[in-house]
Amino acid sequence: MSNKEKYEYRNRVVELDAERQFRLGDGKISGYLSVFLGALSLLAVLAYLYPSLLTTTELRKAYDAEKLQVVLKYGMYFSLFFGAMTHFLKKYRRLGCAGILLTLLAFALGGYAVPVGPVEPMELSLGVDWLILALLGSAAIFLSLEKLLPKYKNQVILRAEWETDFIYFCFNHLAISAILIYANYHTSHFNWAVSPSFQESFQALPTVLQFLIVLVAADFVLYWEHRLFHVVKCLWPVHAVHHSVENLDWLAGSRGHFIQVFSERAMVMVPLYLLGPSEGVLNAYVVFAALQAVLIHCNTRLPFGVLKYIFVTPQFHHWHHSSEKPAIDTNFGAHLVLFDWLFGTMHMPKTHWPAEYGTTKPLPKTIVGQTIYPFSSLVKMMRTKSRQGRDR
Ligand SMILES: [Zn+2]
Ligand SMILES: [Zn+2]
């Protein structure tokens, strides 16, 4: 504790990367928007053509596929418009061409007029619909927040390694049904602990109370699961992938080894399964958890007032990602600061934010390298152990 008090906090310096910056009027914004909307339009048309294979059974209940065709229509026209803009601005024409080509391909496959019919549900599918909606929603909400209230003004949208995190983002959303199948299989091991009479009385509680209990129970599981990933030697390399990101923003939280992504979702399903809250509460928790998971990684100075002493906020989770000494192995909570406070792992200076992010030991930069990293670390650990055994 005394070490923490003596610690000299520094301010993080982020240099403006002019090469990666978006500037009004040079065509780069139009080019990227054209490709972004063109690619999403093509994916959406494919999802309309092959809904059994490319949409998520659980998510389909939450949206009206016919109404979303109107959004698709505007997305396609805007992609063409922004693509044409790059030609007038005479820069980034290649990006503009790529965007236009993607949209024309989407038109050729039927565009926004593909008939919407009944869908044959498949157990395993790709969550293309989930990916498109999450990308549009995240880009609209969190990018606006980062631009309006940035913590580090000089940090650009296309910061170093954004491509890596974008691929993680896509994987985590496309694999949604595989994750759910695994999570359901995992929770089925707890069938013996399910009590219908307990669940009935739980559902009779006021909605707000149900939500709060669900939040605390889920956070208790997530806290310990997270802490184990930090302290168990062979698990750390799996979780280190999430910590290897050095510029936090709305996309950074997506970086995570698939073992962690699958195990985290499976673990958090257990308290939800046992408590059995009403459907509305469960949906509210899923939405809250999804938004908070992105928000806490955001590059934003959004003021939370006293709420920052109750809920996990960007400042709290940014400290979790810091490689500075007093912050190492602290702030494990996902939703609330409660368990970090209770178990003595909280690091939350009043005003300071970290100056350094990432892991103390560098990790591979590529996705393949990061995917293999926990396995190669395990092999190294086993070799060292057997060598030590021989030397004794
Ligand atoms: Zn961690
Ligand atoms: Zn994180």
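Of the 392 residues in the protein, 32% are buried, as judged in a model that is predicted. The secondary structure consists of 17 helices and zero strands. With a radius of gyration of 23 Å, close to the 21 Å that the globule rule gives for 392 residues, the protein is as compact as a globular protein of that length.

**Overall dimensions and contacts**

- Taken along the principal axes, the box that the C-alpha atoms of the protein fill comes to roughly 65 × 55 × 55 Å.
- Among the contacts in the protein with a separation of 6 or more, 80% are accounted for by residues 24 or more positions apart.

**Annotated regions from UniProt**

- An unreviewed UniProt entry lists residues 211-345 under "domain: Fatty acid hydroxylase"; in the model this span is 56% helix and 0% strand, and its end C-alpha atoms lie 25 Å apart.
- The annotation "transmembrane region", also from an unreviewed UniProt entry, covers residues 29-50, 70-88, 95-114, 126-145, 166-185 and 205-224.
- Among these spans, residues 70-88 are 100% helix and 0% strand, with end C-alpha atoms that lie 27 Å apart.

**The pairing of helices H11 and H13**

- Helix H11 (residues 207-231) and helix H13 (residues 258-275) have axes that come within 9 Å and cross at roughly 145°, and the crossing of the two is right-handed.
- On the H11 side the contact is made by Ile213, Val214, Ala217, Ala218, Val221, Leu222, Glu225 and Phe229, while H13 contributes Gln260, Glu264, Met267, Val268, Val270, Pro271, Leu272 and Leu275.
- By residue class, the contact of H11 with H13 is made up of 13 nonpolar residues, one polar residue and two charged residues.

**Ala266 and its surroundings**

- Ala266 has its place in helix H13, and it counts as partly exposed because 19 C-beta neighbours lie inside 10 Å, whereas a residue is buried if 20 or more other C-beta atoms lie within 10 Å of its own.
- When its neighbours within four places in sequence are left aside, Ala266 is in contact with Tyr182, Ala183 and His186.
- Ala266 and Asp329 are 63 residues apart along the chain, and a distance of 23 Å separates their C-alpha atoms.

Methods
Residues are numbered from 1 along each chain as its sequence is written. Chains are lettered from A and ligands numbered from 1 in the order in which they are written. This is a predicted model: local features need pLDDT of at least 70, side-chain atom pairs count only at pLDDT 80 or more; totals for chains, interfaces and linings use all residues. Helices (H or I, at least four residues) and strands (E, at least two) are DSSP runs, numbered from the N terminus. The radius of gyration is taken over C-alpha atoms; the globule rule is 2.2 Å times the number of residues to the power 0.38. A residue is buried if 20 or more other C-beta atoms lie within 10 Å of its own, exposed if 12 or fewer, and partly exposed in between; C-beta atoms are placed from the backbone. Two residues are in contact if their C-beta atoms, placed from the backbone, lie within 7 Å. UniProt positions are given in the numbering used here, feature names are shortened, and annotations may be inferred rather than shown by experiment. Axes are lines fitted to C-alpha atoms, for helices over the stretch in contact, and angles run from 0 to 180 degrees between N-to-C directions. A crossing is left-handed if the near helix is turned anticlockwise from the far one by less than a right angle, and right-handed if clockwise. Ala, Val, Leu, Ile, Met, Phe, Trp, Tyr, Cys and Pro count as nonpolar, Asp, Glu, Lys and Arg as charged, and the others, Gly among them, as polar.
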